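Please walk through this structure by way of its charged side chains. Start with the view below.

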Amino acid sequence: MTIMNYHQYYPIDVVNGPGTRCTLFVSGCVHQCRGCYNQATWRTDSGTPFTQQAEDTIIADLNDTRIKRRGLSLSGGDPLHPANLSAVLQLVKRVRSECVGKDIWLWSGYTLGELNSQQREILQYVDTFIDGKFIKEQADPRLEWRGSANQIIHHLK
């Protein structure tokens with residue numbers, strides 16, 4: 001089994017989704033969009049291995065009552081990159097079972113219609129899915145939660 005890598009974990013984030021959140025930026029992206037602000041995450045072997053300890057830290061942070069976190073945001077890279085599916089599925093299942101009342105937001109360059117069965121399985125645990133490649137010509141900084149006008153916010157739950 002391949003170990004997923006990640007580039008950054010923010011235990012307190014107010015930019016990537018509504019409210020105060022935990023945000024994980026994973027490694028690996030096949031889309032490699034022109035104008036991407038996070039090109040360092042494209043290679044699956046870049047960043048730091050996502051270990052059991054890292055996963056446990058996210059769960060503990062989400063359950064920390066000293067800070068009212070609304071949920072988990074998954075970005076990257078691409079959480080739905082084939083190399084990330086196993087680790088992301090395990091993480092979202094744990095959040096659902098161990099973190100009461102927390103939502104999960106996930107950003108991917110894949111569109112909803114392009115997803116395979118493994119990727120769709122992950123979305124069963126996701127509340128909000130923002131899909132589509134970043135298209136530089138459609139970039140608009142006024143858009144909420146997305147970088148370009150082609151990207152769609154799907155409220156799944």
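How many salt bridges does the structure hold? It holds eight. A salt bridge here is a side-chain nitrogen of Lys or Arg within 4 Å of a carboxyl oxygen of Asp or Glu. The model is predicted, so local features need pLDDT of at least 70 and side-chain atom pairs count only at pLDDT 80 or more, while totals for chains, interfaces and linings use all residues. Residues are numbered from 1 along each chain as its sequence is written, and side-chain values use heavy atoms, with hydrogens and water left out.

Begin with R21 and D103. Their side chains meet in a salt bridge, 2.8 Å from N to O. R21 sits in strand β2 (residues 21–26) and D103 in strand β5 (residues 103–108), so the pair ties together parts 82 residues apart in sequence. Helices (H or I, at least four residues) and strands (E, at least two) are DSSP runs, numbered from the N terminus. Both R21 and D103 are buried. Buried means under 20% relative accessible area, exposed over 50%, and partly exposed in between (1.4 Å probe, protein chains only).

Now turn to the helices. E55 pairs with R94 in a salt bridge, with the closest N and O atoms 3.0 Å apart. E55 belongs to helix α1 (residues 52–63) and R94 to helix α2 (residues 85–98), so this pair links parts 39 residues apart in sequence. E55 and R94 are both buried.

D140 is buried, at 18% relative accessible area. R142 is exposed, at 74%. Elsewhere, salt bridges that share partners join E55, D56, R94 and E98 into one network.
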